[in-house]
Structures are given as structure tokens and as C-alpha cells.
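Please read the following account alongside the sequence and the coordinates, moving from the chain as a whole to individual residues.

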Amino acid sequence: MPIQHRLVDVDPAVAGVSLSWYSTAMYLGIALAPVVGASVLPYGAAWIDLLGAGAAAAALGVFALGYAVRRRAALA
């Protein structure tokens, strides 16, 4: 998978730890998605879309922050 290759490419010295955290995050997301979706469903199906959009926006924000930190460290 491209994301795993990217994680190894970022810092090969800690590739095992990076890949294990990636797997942990994936399994946590897979486990929590049905619970969160079921808890939002009584308020209407449109809320699931909004929740998904919010989660995607949060992920983009975390990515942008990590990118900025890595870029600043590389320039220093």
C-alpha cells in the first residue's frame, strides 16, 4: 500500500513503530465507525454525512499540521 511505503520512507529507523501505529489507527477506526454511526443515526441519515465530512476535515487538518512541522524541521 502506498501509505505504508510513505511511512517507511519518512523515517526508516522507526518504520516498525510507524507501521504498528498505522495498523492500530486503522483497526480503531474500523471498530468505532459502527458505534458512532449507530449513535448518530437516530438524528437522521444526513448527520452521518456531516460527521464523515467533519472527520475528513479533521484528518486533513492533522495531515497539514504534520506536513508543516516536517517541512519546518527540514528547512532548519
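The paragraphs below take up the overall fold, the surface, and then a few residues in particular.

This is a predicted model, in which local features need pLDDT of at least 70 and side-chain atom pairs count only at pLDDT 80 or more, whereas totals for chains, interfaces and linings use all residues. Residues are numbered from 1 along each chain as its sequence is written, and side-chain values use heavy atoms, with hydrogens and water left out. The pLDDT, which is the predictor's confidence in each residue on a scale from 0 to 100, averages 92 over the chain, and 100% of the residues score at least 70. Among the elements, helix α1 (residues 2–10) has the lowest mean, 89, while α2 has the highest, 94.

The chain contains three helices and zero strands, where helices (H or I, at least four residues) and strands (E, at least two) are DSSP runs numbered from the N terminus. Read from that terminus, the order of the elements is α-α-α. The C-alpha trace spans about 50 × 25 × 15 Å along its principal axes. The chain has a radius of gyration of 16 Å, whereas a compact globule of 76 residues would have a value near 11 Å; the radius is taken over C-alpha atoms, and the globule rule is 2.2 Å times the number of residues to the power 0.38.

Buried residues make up 5% of the 76 residues, with buried meaning under 20% relative accessible area, exposed over 50%, and partly exposed in between (1.4 Å probe, protein chains only).

Ten residues separate V17 from L7 in sequence, and their C-alpha atoms are 9.7 Å apart in space.

The structure holds one aromatic pair. F63 and Y67 form this pair, which is stacked, with 6.3 Å centre to centre and 25° between the planes. Rings of Phe, Tyr and Trp (its six-membered ring) pair if their centres lie within 6.5 Å, and planes under 30 degrees apart count as stacked, over 60 as edge-to-face and the rest as tilted. Because F63 and Y67 are four residues apart in helix α3 (residues 46–75), about one helical turn separates them. Y67 counts as partly exposed, at 42% relative accessibility.
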